[in-house]
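Here are my notes on the model you passed along.

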Amino acid sequence: MKQSLQLRTSQHLALTPQLQQSIRLLQLSTLELHQELEQLLSDNPLLERLDDPLDHSVRLLADGAINQGNGSAEAPQESAPQGEGESAPSAEADSYEGGEGGEGEGGDIGDSDWSDSGRNKSPDDEDSRPQLEANHCTLREHLLEQMRVTVAEARDRALMEIIIDALDENGYLEEPLEEIHARLPEELEVELEELRTALLLLQNFDPVGVGARNASECLALQIKRLPNVPMVTRRMALCIVEKHLTWFAQREFNKLKKALDCDDEDLREAQAVIRQCNPHPGAEFASDVSDYVVPDVIVKKSRNGWQVSLNNDVMPRLRVNALYASLLKQGKGESQMSAQLQEAKWLIKNMRQRFDTILRVSQAIVERQKNFFSHGAVAMRPLVLREIADTLGLHESTISRVTTQKYMLTPHGMFELKYFFGSHVATEAGGEASSTAIRALIVQLTGAEDPKNPLSDSKIADMLGEQGMVIARRTVAKYREALKIPPVSLRKSL
């Protein structure tokens, strides 16, 4: 093949840095947005945040005098000079304030020190002093504290501390005592019987059941120490957890009654005793910190229907620094500062566009899911991303970014925006039912079932069919497993 040079023309879509930033900000969660904003604030001196705690502190002028006015706090209304071929953003992009106060409120700079905000409060007021978090006590610390007041000998304390260090987060001793004994140096001359004695003493500590080597032993330790339990019932409960715990977990009540030679009433009393026990005694000392979700939008009922509003607590209030902007306007700034001014204005514009898009999408969702807000999840209608995209004139990928990790606070609880989208199931009348509504119906049916005769997946499918929803048994099983509802054999009780 002969080589030759050819000239071709083609068109392709190029994403500008401003558009790339807009897309990135749109897909960030609230936490990620504020982290990104903190980095941008540290990199760009022309960008400042109005809702910063230091915004009301003392500010100094260029000559060292204390700023007593509000003039320097206001953002300039004129846009910075632009390069050739680049359009200048509008003057309103110089500031973005997500709070209710508006531009005038956000531009005020307090003339008092930050600590002056609590002068009018009583010394006994909770807000006048810092609120310190209580010290968290771990399981190890709790057990060591009991050991110090019950064990006197240093050797016995050392052996107990070895066993305490071998406990897992649930309070179980999963490592056999023989392996712990094998790890100890021979010169200490520790006997295996000494470790057994130390373990028996540890099993008398609080919480009850700590130091057990399996679930059966843990439950048995607790049953032995339960007060006001008849001897016959206590003996039967101990026999169940020590010999027939697998049958009890699988609810094989007929096998249990035959093995224990008892009737339903006796077995029911023993079951009530076992249910008072905690199979994970050390879990209450876990240091898991709850993750709190802050909503992006709030839905409230009003006279005109359901109203959607942005959560001002998660909306940053930004503006261009007035001092640097005035220097650039006078031609005293550098070219780098001019570029940073342009970046600050684009960020403010993209931030406004992000929250406007979230609000528009949320309003469209609420408009189509009015029945959900009025009657709950059973009234959810099928909804797909394309329906919202066509209504707002946006792309499906944009709707997907908006609804990911964005949360809506409703009278029924807090939900991710993606929760309101779901597939559909055909009905006998030719309509469609949302999969979310079917899940809610399954929860209602299983919650109202007879514990002695729970509903099977086939029976649930038949009951849904009576309501006009054509759904297969395997689909019911899939939804039930997604809802973490046990199968029919594990929901049966005496």
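**Notes on the model**

1. Let's begin with helix 4, where L139, H142, L143, L144, Q146 and M147 are buried. Buried here means under 20% relative accessible area, with exposed being over 50% and partly exposed in between (1.4 Å probe, protein chains only). Helices (H or I, at least four residues) and strands (E, at least two) are DSSP runs numbered from the N terminus. Those buried residues pack against helix 5 (154–165) and helix 7 (192–202).

2. Some housekeeping before going further. This is a predicted model, in which local features need pLDDT of at least 70 and side-chain atom pairs count only at pLDDT 80 or more, while totals for chains, interfaces and linings use all residues. Residues are numbered from 1 along each chain as its sequence is written, and side-chain values use heavy atoms, with hydrogens and water left out.

3. Helix 4 has twelve residues, and its first and last C-alpha atoms are 17 Å apart, close to the 16 Å expected at 1.5 Å a residue. The expected span is 1.5 Å times one less than the number of residues. The helix covers residues 139–150, H142 among them.

4. H142 is worth a look of its own. Its relative accessible area is 18%, so it counts as buried. The side chain of H142 makes a polar contact with the side chain of Q146 at 3.2 Å. A polar contact is a pair of N or O atoms within 3.5 Å; within protein, one must be able to donate a hydrogen and the other to accept it, and residues adjacent in sequence count only if both atoms are side-chain atoms. An α-helix has 3.6 residues a turn, so residues three or four places apart point the same way. Leaving aside residues up to four places away in sequence, H142 touches C137, D206, P207 and F285, where contact means heavy atoms within 4.5 Å.

5. Now the overall picture. The protein chain has 21 helices and nine strands, and 39% of its 494 residues are buried. Of the contacts with a separation of 6 or more, 65% are between residues 24 or more positions apart. The chain exposes about 29,800 Å², with carbon and sulfur atoms supplying 49% of it; accessible areas come from the Shrake-Rupley method with a 1.4 Å probe, and for residues only the protein chains shown count as cover.

6. How do helix 19 and helix 20 cross? The axes of helix 19 (residues 457–466) and helix 20 (residues 473–482) come within 8 Å, at roughly 105 degrees. That makes helix 19 roughly perpendicular to helix 20. Axes are lines fitted to C-alpha atoms, for helices over the stretch in contact, and angles run from 0 to 180 degrees between N-to-C directions. Angles under 35 degrees count as roughly parallel, over 145 as roughly antiparallel, 65 to 115 as roughly perpendicular and the rest as oblique.

7. From helix 19, D457, S458, I460, A461 and L464 meet R473, V476, A477 and R480 of helix 20. D457 counts as buried, at 14% relative accessibility. Not counting residues up to four places away in sequence, D457 touches R473, V476, A477 and R480.

8. Helix 14 (residues 335–368) and helix 17 (residues 396–403) pack at about 95 degrees, their axes 10 Å apart. Helix 14 is therefore roughly perpendicular to helix 17. T357, I358, V361 and I365 of helix 14 make the contact with I399, V402 and T403 of helix 17.

9. R368 also belongs to helix 14. A 2.7 Å polar contact joins its side chain to that of T391, and the backbone oxygen of A364 lies 3.2 Å from a polar atom of the R368 side chain. R368 and R381 are 13 residues apart in sequence, with 7.9 Å between their C-alpha atoms.

10. Check the start of helix 18 too. S434 caps its N-terminal end, with a side-chain oxygen 3.2 Å from the backbone nitrogen of T436. The buried residues of helix 18 include A437, I438, L441 and L445.

11. Last, H244 sits in the loop between helix 9 (231–243) and helix 10 (245–249). H244 counts as buried, at 16% relative accessibility. Setting aside residues up to four places away in sequence, H244 touches C239, L256, A259 and L260.
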